[in-house]
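Have the chain in view as you read.

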Amino acid sequence: MVVVTAVRDYVNRMLQDISGMKVLVLDSQTVSVVSVAYSQSELLQKEVFLVELVDSISKSKESMSHLKAVYFLRPTSENIQFLRRQLTNPRFGEYHLFFSNMLKDTQIHLLADSDEHELVQQVQEFYADFVPIDPYHFTLNIPSNHMYMLPAVVDPPSLQHFCDRVVDGLAAVFLALKRRPVIRYQRTSDTAKRIAQETAKLMYQQESGLFDFRRTEISPLLLIVDRRDDPVTPLLNQWTYQAMVHELIGIEDNKVDLRNIGKVSKDQQEIVLSSEQDAFFKSNMYENFGDIGMNIKRMVDDFQQVAKSNQSIQTIEDMAKFVENYPEYRKMHGNVSKHVTLVTEMSKIVEERKLMLVSETEQELACNGGQGAALEAITNLLYNDSVSDIDRLRVVMLYALRYEKESPVQLMQLFNKLASRSAKYKPGLVQFLLKQAGVDKRTGDLYGNRDFLSIARNMARGLKGVENVYTQHQPLLFQTIESITKGRLRDVDFPYVGNHFQQGRPQDVIIFIVGGTTYEEARSVALFNASNTGVRFILGGSAILNSKRFLKDLEEAQRIAQSSSNVI
């Protein structure tokens, strides 16, 4: 039940049975799906000599009848139109059509009518309608991710479009895994409820035959939750490798763009960070920043040893051996320099933005009490010229989420200080966050201070001593995972859809976060799965957030909410 394997299997099946030279035609979303699961060299091995986008291929007239075209597209009406035009004036010798989700009968008829030259060899549904970032983490890369924050009345068509895309993605995940889940959702979220109900309707009514896998074991659980239940995690600085790269530089479809960064050699302007393709990254992606530095140094030392040992080439046999080992040596060299570049760049950013100082305050706000000390620390950060605007905004937001009820007066003073110190600050953004994700809106016990047991747990954690002040925060998702494992997820907070209930403890659970996941949460899931409790978790979301993206979504939602209230 691992999402990367599921997608790789689909891509394999698409390409391996079609012999000869191929062109692979993708759309703006399936290109992400394929690029994350399959490397360029692997595509070449399958005789794919050209990868094109369906909208740009429409503009070209050049005939390539010696190539077989393999299309892998989302079944949207726009893509069907592109295909119809291309089949009417065909450029390729054969057409093999694969769709990432369910086709409507009308779409199949339209394609059949357009195939006048009878060049279409096959039409199939391969359910890879999600981007498999890591074995237990997938995303849908929805551009209009801010929609989940807006009430349905503001823009009904756009919200429907957002929900449809999530339902499509979830349907594809379960079709790929050949399972039909029992569905639960977060009671306080209208969007989560709507998606849960529409997913259930699709799986149990409209397409019940397709989802009837005749499995005897306990059904998996699909739990749909809302990002606003834990707005703290996407606001925090990160100190473990994968999460930190995304927070400070940005990762898109497992690629890191370094073109805007100082002097970087040409082959390192875009680097791939994939646990499937990079052994060093796989073993270090969840380690904290201090350890990464040491591990890279060890890798550089090993490399120097290899380089040294190869200096004494005495005989032709030695030389042959060296050349034989050369690809591995080259690969290792590329790997070493890639991670050195990343860590060097991140160290610079940490120093420039004084992130160790900022992060200590953030973690205090997220994990420990002490309002007076927190207020003093934030005030100092607001007046520290080395601290950037985004970091000032984040600490004020974290303080507001923590103490919104305790001290409204001090909060107002902080807002005023923030506005006077940060020219770019949009007035009302922190208040908008509280309206969206304040204490009255949340289901979970975000700060572990609601009941006596959690207070005791926090004290015990404090007494044991935290190994690292910068990584003491645990996302709310971790508590949810523990509750599910122990069978303690409350029905009142997370009701079931319809009359499909869980019989016993599920072995497979997919948690989908409407509004997006973070790499910190993906790390929690991976580490939990590694501890082998008998329950396996997969995390999915509408986007992958860092603080910049979370704030951008918040600003966009605030802008739309304001303009719609002006109209009303």
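How much accessible surface does the protein chain have, and what share of it belongs to carbon and sulfur atoms? The answer is about 27000 Å², with 51% belonging to carbon and sulfur atoms. Accessible areas here come from the Shrake-Rupley method with a 1.4 Å probe, and for residues only the protein chains shown count as cover.

Before going on, keep in mind that this is a predicted model, in which local features need pLDDT of at least 70, side-chain atom pairs count only at pLDDT 80 or more, and totals for chains, interfaces and linings use all residues. Residues are numbered from 1 along each chain as its sequence is written, and side-chain values use heavy atoms, with hydrogens and water left out.

Now for the overall picture. The protein chain has 21 helices and 13 strands; these are DSSP runs, numbered from the N terminus, with helices (H or I) of at least four residues and strands (E) of at least two. Of the 568 residues in the chain, 52% are buried. Buried means under 20% relative accessible area, exposed means over 50%, and partly exposed is in between (1.4 Å probe, protein chains only). Take contacts, meaning heavy atoms within 4.5 Å: among those between residues at least 6 apart in sequence, 81% join residues at least 24 apart.

Let's stop at the surface for a moment. M21, L44 and F49 form a nonpolar patch there, with about 300 Å² of accessible area together. Patches are made of residues with over 30% relative accessible area and no salt bridge, joining like charges within 9 Å and nonpolar side chains (Val, Leu, Ile, Met, Phe, Trp, Tyr) within 5 Å. You'll find M21 in the loop between α1 (3-16) and β1 (22-26), and its 38% relative accessibility is why M21 counts as partly exposed.

Next come the aromatic rings. Rings of Phe, Tyr and Trp (its six-membered ring) pair if their centres lie within 6.5 Å; planes under 30 degrees apart count as stacked, over 60 as edge-to-face and the rest as tilted. By this rule there are ten aromatic pairs. One of them is Y10 with F126, which is stacked because the ring centres are 5.3 Å apart and the planes are at 25°. This pair links distant parts of the chain, with Y10 in helix α1 and F126 in the loop between β5 (120-125) and β6 (131-134), 116 residues apart. Y10 has 6% relative accessibility, so it counts as buried, and F126, at 3%, counts as buried too.

Another stacked pair is Y71 with Y95, at 5.7 Å centre to centre and 25° between the planes. Here strand β3 (residues 64-73) holds Y71 and strand β4 (residues 92-99) holds Y95, so that distant parts of the chain, 24 residues apart, are linked. Y71 and Y95 are both buried.

Y10, F98 and F126 form one aromatic cluster, and R13 lies over the face of F126, at 4.6 Å from the ring centre. A charge sits over a ring if NZ of Lys or CZ of Arg is within 6 Å of the ring centre and within 35 degrees of the ring normal.

R184 is also placed like that, over the face of Y496 at 4.4 Å from the ring centre. A salt bridge is a side-chain nitrogen of Lys or Arg within 4 Å of a carboxyl oxygen of Asp or Glu. D491 lies in the loop between α19 (476-485) and β12 (508-514) and R184 in strand β8 (residues 182-185), so the pair ties together parts that are 307 residues apart in sequence. Which of the two is buried? R184 is, with a relative accessible area of 6%, whereas D491 counts as partly exposed at 48% relative accessibility.

The structure holds 25 salt bridges. In one of these, the side chains of D278 and K338 meet at 2.9 Å, N to O. D278 is buried at 3% relative accessibility, and K338 is buried with a relative accessible area of 12%. Helix α12 also holds K348 and E345, which are three residues apart and therefore separated by about one helical turn. Their side chains meet in a salt bridge of 3.4 Å, N to O. K348 counts as partly exposed at 44% relative accessibility, while E345 is buried, with a relative accessible area of 13%. Finally, salt bridges that share partners join R74, D129, R165 and D168 into one network.
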